[in-house]
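Trainee: Could you show me how to read the cores and the sheet of a model like this one?

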Amino acid sequence: MASLDNRCALITGAGSGMGRSHALLFAERGARVIVHDVNPDGVAETADGVRARGATVATIVQDIRDTSAFRAAIGAAEKQIGPIEILVNNAGVSGRNLAFEDIDEETFDRMVAVHVKGTFFAVQTVIPGMKQRRYGRIVNISSTFGVAGGARASHYGGAKGALLGFTKSWAREYAAHNITVNAVAPGFILTPMTSASNGAPEKLARRITRIPIGRHGEPVDISYAVAWLASDEAGFVTGQVLSPNGGEYIT
C-alpha cells in the first residue's frame with residue numbers, strides 16, 4: 001500500500017464522485033487533505049469523511065474559474081495545514097453526451113474554463129512552492145475520451161486531451177526539480193456526474209458488454225491509481241498516462 005503519511009494534498013472537485021473518493025483514500029493513507037469544490041454541501045460532507053478517518057482537513061469553496069480568488073483560497077488553506085506537496089486536478093463538468101452541433105459557445109467556454117484554465121492556474125499556483133522544496137506530485141485527471149476520442153461530447157474530449165499535453169510538457173519542465181506530473185485517464189466510472197448523462201439502465205447494461213473486465217468502474221478504482229502516482233513509490237514515473245478502464249480501451 002502506497003503511503004502518503006504527512007503529505008499535504010489539494011484535491012479539486014472533491015465534493016462528490018471521484019474527487020471525494022480520492023480525498024477519503026488519501027486520508028486513510030495518512031495525508032492532510034485540502035478539499036475543494038464549488039458546492040459547499042459537498043465540501044462539508046467530504047471534509048467530515050476525511051476527519052472521520054483521522055486526517056487533518058482544510059476546505060475551499062470556490063469556483064475554479066475565478067483564478068485570483070482560487071489562488072487566494074489556496075494560500076489560506078496552506079497557512080492552515082501546510083504547504084501543498086500533492087495536487088490532484090480532478091475538478092470537471094460533464095460533456096452531457098452532446099452532439100458536436102449542439103455544443104453552444106457558453107457550454108464550450110465553461111468546459112474549457114473548468115478543465116483547462118482551472119488546471120493550468122492551479123498548477124501555476126503550487127509550482128513555486130514545490131520547486132523551492134524540491135518535491136511535488138501532480139496528477140491530472142483526464143479521460144479515455146482525451147486518449148481515444150468519443151463519438152459525442154467532443155468539447156469534453158478536447159478539454160481532457162489538453163490535460164494530456166499539459167502533463168507531458170510540465171513533466172519535462174519540472175523533472176529536474178523532483179516534481180513528477182502524470183495523468184490518469186479513467187474509463188466509464190459510475191459517479192453522480194456520469195450517471196446523469198448515461199443513467200438509463202439499458203444504456204448502462206450496453207456499456208458493460210464493451211468492458212472486458214465485465215463491470216463498470218467504481219471511483220475507488222481510480223483513487224488507487226491516483227494515490228500510487230502521488231506516492232514516493234512512483235518517484236521514477238513522470239509524463240505518463242495511466243488508464244484504468246477495465247480493458248475497454250487498450251492503446
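Trainee: Which residues have the most contacts inside the largest nonpolar core?

Mentor: In general, nonpolar side chains in soluble globular proteins tend to be buried together. A nonpolar core here is a set of buried Ala, Val, Leu, Ile, Met, Phe, Trp, Tyr and Cys residues joined through side-chain atoms within 4.5 Å, where buried means under 20% relative accessible area (1.4 Å probe, protein chains only). The largest one has 33 residues, and Ile 34, Leu 87 and Ile 138 have the most contacts inside it. This is a predicted model: local features need pLDDT of at least 70, side-chain atom pairs count only at pLDDT 80 or more, and totals for chains, interfaces and linings use all residues. Residues are numbered from 1 along each chain as its sequence is written, and side-chain values use heavy atoms, with hydrogens and water left out.

Trainee: What is Leu 87 in contact with, leaving aside its neighbours within four places in sequence?

Mentor: With contact meaning heavy atoms within 4.5 Å, the partners of Leu 87 include Leu 10, Val 126 and Ile 138. A second, separate core of 31 residues includes Ala 23 and Val 33.

Trainee: What is the strand order in the open sheet?

Mentor: Strands are DSSP runs (E, at least two residues), as are helices (H or I, at least four), numbered from the N terminus. Two strands pair if DSSP finds at least two bridges between them. The seven strands run β3-β2-β1-β4-β5-β6-β7, with parallel pairing. β3 and β7 (241-242) each have a single partner strand, so one side of each lacks a neighbour in the sheet. β1 and β2 (residues 32-37) pair over four bridges, and Ala 9 has Val 33 as its bridge partner in β2.

Conventions:
Buried < 20%, exposed > 50% of the residue type's maximum accessible area, 1.4 Å probe, protein only.
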